[in-house]
Structures are given as C-alpha cells and as structure tokens.
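Thanks, everyone, for making the time.

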Amino acid sequence: MANMPYYRLVLHSPAIEFASSRGKQLFSEALEAGTMEGFFRLISYYQTQSEPGFCGHGTLNVLLNALEVDPERKQKGRCRWFVESMFHCCEPLSKLRVEGITFGKFACLAYCHGANVETFRTPESSIDDFRRHVISCTYTENCHLISLYYRESVNQEGPGHFAPIGGYHAGTDMVLILDVARYKYPPHWLPLTLLWKAMDTPDETTGRPRGFMIVSGLQKAPSIVYTLGCGHESWISVEKYLTEDVPRKLRSEYVKDVEDLLSLVFKAAPPAIKDFINWVAEVQRNEDAYTIFTQEKRKLLEEVLKQARVTELFKHVSRLLAYEIPLCNGVATSLGYKEKLLQIAAMETISVTTITSNGYGQEIHEMKSNNGIKNQSTVEVLTLLLFAIPQKTWSAIKQEKLLLQFNSLVSTHNLPSLLQEEVVHLRRLLHFLMTDVTA
C-alpha cells in the first residue's frame, strides 16, 4: 500500500492548513502584526515543484523570481525568468529529479545565480537565533528564510525537504511553510519549535546537520569569469585533497620555495582534479542562443583575465609549467607526474568569444583551444584555483619565510577590484561545497 498512487496526503496536527478558517485567522493576525511582508513577493511566484526530487529547485525558482533576479536568459518568447531546468550545474537533472540536492549545493546554486546567501546549520545557531532571523525576514520583502527539515519529525511523509517560510505568527510562535510539493501537502502553519527540531537532524546524504538559510538579492552577478562545480561524484575527493591532504603533506615534507610548493600540490593530486579544474575554467557562457553577453561583459571578462596575468602567483604558476612540462619528457620524471601535468596543461578552455550582430540581435561565437601550456588560460585556471583554496590550507607550511611569502601571494588585499571579487566568489563557492563534507 505504501507505493500506491495518492491524491494529496492528510496534514496532521499540529500543522494548520493555510486555507482553513484557523489558518486564515493566523494569517490575518500576522499580517496586522507586520510579520507577513515577505509573503506577497513569494506568493506572487509560488508554484508546485515539477519533480519528486525538486523541492530545492522549486524553492530556489520561487526565491529568485520573488527577489527579481534577472537570469539573463530568455525562457519563452522575449521573456526572461527562472525555471527549475536552469539549475543543473551541481548535478545532472536526471539525478536531481530523484535524489534532490544537498544543503551546501543549494547554497552554491543560489549564489551562482545571483543571490546572497547566509547559511546556518543547527549546531552553528540556536532556536532563539532562528526565531530572530524568522522575525527579521518576515518583517521585510528584501530577504527570505529557507528551511531544510526532516518531514517525519513534523508528522509528514518523506525525507529531507526544502521550503521557504512565508510568515510568522508571534502569538502562537508558528511559521508559515510554503510547501512547494503542493501535490503532497498544502501551505501550512507549523510550530517554530517543532520545525527547529526537524532541522536539527542529520541529512541522510551527507551525514551533516540540516539548518536554514537567509537569501537576498545581490546587486550584480557574483562571478564574471570562473565558477566551481560538483557535477561529478569525485569532486569530494578533490575538495578533501585540496583542504586536508595538501596541509598534511606540507606538515610532513620539506618545501624549499614557491615552485617546490606548487609542484607538491599538483604532483599528488587525484585524477579527478582535471574535471574539477575544467569546472573552475568554465567561463560564463551561453547555454542557449539567448543568454545576454554584452560588449560590456566581454570587457569585464577580458579585464579579469588581464588582472590575473599580472599577479605574482600567476608568474610562479607559469614558471612551474614552463619548467616541469619539458622535464616530463625526460626519463627522470615519474610517469604519474608527467601525465598529471600534461593533462592539466592540456585542459580545454574557452579562449576566444566574439560577438556579431544579425537582423535579430546579437550572436555569440565561441572558439575553444587545446594548446597545452601555450594556452595562457591554463595558467589562469590554476592561478584562480590556488587563490580559491582557503588560506588556512597554507598555514601548514613549516618554513616561516615561505609561509609569509605564499600568504602574500594568495592574499586578496592588494588585488585589483574585479579580480578580488572573482577570488572572493570562488572562495565563497568552495565554502558552501565544503559544508557538505566538512564538520
């Protein structure tokens, strides 16, 4: 019977259906108190998730449209708005339809698509802080609070679930859950204390505690050129290598200079680093013929790459590849290291973007190259990857002089503004992804 088709499920106490007489009363009182301000933006774009595993995608879709974030991509006709199928950079849609998305990847997706995100897992917060954030967000239409909770803890059927909170009733300490799985449960009021307990549970996919996020709109897109991604299962091994294995190696091995340090980082890297770096090198390009790619954006892109090329870190990476690749052709170099560097140096990246006009607007033409170390974008990719790694990784360097030198190389303080924004963006993405695998 458990697998039999159903038409909606019974909403059990203590949940109160939004459309019931009691639900309407709570709404009216909360509206009068001023803690329903965000509701009207959300309800204007509220819709049912299109797939069983799309609670995260459905929630994000509602959020970004409610925050009036421009996707810069035409959907139908001449109109632009977000749809769930746009959110596929973290996992293939076929997998997401069934398994859903994790806490960290949701935050990463939201940030990549133009939202500002603050994440709070339950051990990092408290029920009083949660209540304070709920009240703050429901008093305004400029930010929204998203909850990831375990359905069974609130007497509902199903595993973990994402949903936006549409309002707060102070007298009963209840929150309005705008459930995007409307075919399953309608919008309903839940006790805030019960929702907190449902968030304070381990996610079955990552083993990490669930929690909540505060999402608001950014004034501009967070990235100009590069982005991190996790579309392959092995990204976790790459992340752990960069943030755990590299520090361990730095503590146990003698490193005499910067080139020696960079060589240590890449010579033992897992094979999947090539895929991970390809994601880092993914220039924001058109996924269809309608993505907006203005001349202004092209100039910004070129400026970021120009700024990256004049950093001291870029010069060190250039010297490493220029020196080590020829060595790889000699008998003295191990085959593994040879293959690793040649693979990294042969990454396929977008190198040229041209814009032409036709009778209907702009056309975008992209040219790819696979020219090994002759393709400067390879060095740029490795440079930006090194910038993205948390600075605490390098704290394991034993030689104090080298530690100071390398910290100076990867510091953002003296970077030009555009490049600084790009590095901060990458570090933010890596932070979100790390929250799924690191306590």
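Let me begin with a definition: a residue is called buried when its relative accessible area is under 20%, exposed when it is over 50%, and partly exposed in between, using a 1.4 Å probe and protein chains only. What you see is a predicted model, in which local features need pLDDT of at least 70 and side-chain atom pairs count only at pLDDT 80 or more, while totals for chains, interfaces and linings use all residues. Residues are numbered from 1 along each chain as its sequence is written, and side-chain values use heavy atoms, with hydrogens and water left out.

With that in hand, Arg121 and Asp436 are both buried, and they form a salt bridge with the closest N and O atoms 3.1 Å apart, where a salt bridge is a side-chain nitrogen of Lys or Arg within 4 Å of a carboxyl oxygen of Asp or Glu. This pair links distant parts of the chain, since Arg121 sits in strand E2 (residues 115-121) and Asp436 in the segment after helix H16 (417-434), 315 residues apart. Helices (H or I, at least four residues) and strands (E, at least two) are DSSP runs, numbered from the N terminus.

By this rule there are 13 salt bridges. One of them joins the side chains of Glu68 and Arg41 at 2.6 Å, N to O; Glu68 counts as exposed because its relative accessibility is 54%, whereas Arg41, at 27%, counts as partly exposed. Within helix H8 (residues 235-252), Arg248 and Asp245 lie 3 residues apart, about one turn of the helix, and their salt bridge has its closest N and O atoms 2.3 Å apart.

Turning to the strands, how many residues of strand E3 (residues 143-150) are buried? The count is 7 of 8, so that E3 is mostly covered. E3 runs antiparallel to strand E7 (residues 211-217), joined by 6 bridges, with Cys143 opposite Ser216; E3 also pairs in the antiparallel sense with strand E4 (residues 160-169) over 6 bridges, where Tyr150 stands opposite Gly160. Pairing here requires that DSSP find at least two bridges between two strands.

Finally, confidence: the protein averages a pLDDT (the predictor's confidence in each residue, from 0 to 100) of 80, and 74% of the residues score at least 70. Over residues 281-290, however, the pLDDT is below 50, and it stays under 50 over residues 345-376. Where pLDDT is low, the predicted coordinates should not be read in detail.

Terms used:
Contact = heavy atoms within 4.5 Å.
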